[in-house]
Amino acid sequence: MIDLKLGFFVKSTALGVSLAMDAFSVSLANGLNEPKMKARKAVIIAFVFALFQAAMPLIGWVCVHTIAEQFAFFEKLIPYIALILLGFIGGKMLIDGIENKCEGECCTTSFKGILVQGVATSIDALSTGFTICEYNALSAIICALIIAVVTFIICFAGVFIGKKFGTSISGKAGIFGGIILIIIGVQIFIKGVF
């Protein structure tokens, strides 16, 4: 039986906002990096981030209910994986920005790059499965859908805010975007390890 009280929606929305902050920052960096990005691509970026931010807590929930011992080991690797992925993407964006290589679509905002960003920014959401472990399956799915909607809205806004500032800082946008991604990777690492 599902218990959809106001508290459930408030908790799920708050969870969505907190989980979406890293994805928002990366969306902002993507907008900075590609100021002429079309709305369709912004929707794709927001959708990919929303998909991963919703899937990771569900995967965590499943792990808690099935293979909790193995998940505990993997959870220790999450900060390292996020640091490596975001450091690599941010470093590439930074180098391309310094060398002024990034005109039009950059490799960091290619579909493959967006998928890697989606994994990197949402992998720490796996541990959210522990916070929703008391939910039944339907409640966990509804919570994940709320997280997805919140993430989509926040990331879509992030891309457009980034585009606005990306236009005004033109050639240096890739540098700023790369720095943002590296900082997010370091932040996830520090928060996860210490």
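User: What is the N to O distance where the side chains of Glu134 and Lys11 meet in a salt bridge?

Analyst: Heads-up: this is a predicted model, where local features need pLDDT of at least 70 and side-chain atom pairs count only at pLDDT 80 or more, while totals for chains, interfaces and linings use all residues. Residues are numbered from 1 along each chain as its sequence is written, and side-chain values use heavy atoms, with hydrogens and water left out. A salt bridge here is a side-chain nitrogen of Lys or Arg within 4 Å of a carboxyl oxygen of Asp or Glu. For Glu134 and Lys11, the N to O value is 3.3 Å.

User: How many residues apart in sequence are the parts that this pair ties together?

Analyst: Helices are DSSP runs (H or I, at least four residues), numbered from the N terminus. Lys11 sits in helix H1, while Glu134 is in the loop between helix H6 (128–131) and H7, so the parts tied together are separated in sequence by 123 residues.

User: Does Glu134 count as buried or exposed?

Analyst: Buried means under 20% relative accessible area, exposed over 50%, and partly exposed in between (1.4 Å probe, protein chains only). Lys11 has 32% and is partly exposed. Glu134 has 53% relative accessibility, so it counts as exposed.

User: Which residue forms a salt bridge with Glu34?

Analyst: The structure holds two salt bridges. In this one, the closest N and O atoms are 3.0 Å apart, and both Glu34 and its partner are buried. That partner is Lys41.

User: At what angle do H2 and H5 pack?

Analyst: Axes are lines fitted to C-alpha atoms, for helices over the stretch in contact, and angles between N-to-C directions run from 0 to 180 degrees. The H2 and H5 axes are 9 Å apart. Their angle is about 35°.

User: Is the crossing of H4 and H5 left-handed or right-handed?

Analyst: H4 (residues 78–98) and H5 (residues 111–122) pack at about 145°. A crossing is left-handed if the near helix is turned anticlockwise from the far one by less than a right angle, and right-handed if clockwise. By that rule, the H4 and H5 crossing is left-handed.

User: Which residues touch the most other members of the largest nonpolar core?

Analyst: A nonpolar core is a set of buried Ala, Val, Leu, Ile, Met, Phe, Trp, Tyr and Cys residues joined through side-chain atoms within 4.5 Å. The largest has 39 residues. Touching the most other members are Leu86, Ile132, Tyr135, Cys143 and Leu181.

Methods: Helices (H or I, at least four residues) and strands (E, at least two) are DSSP runs, numbered from the N terminus.
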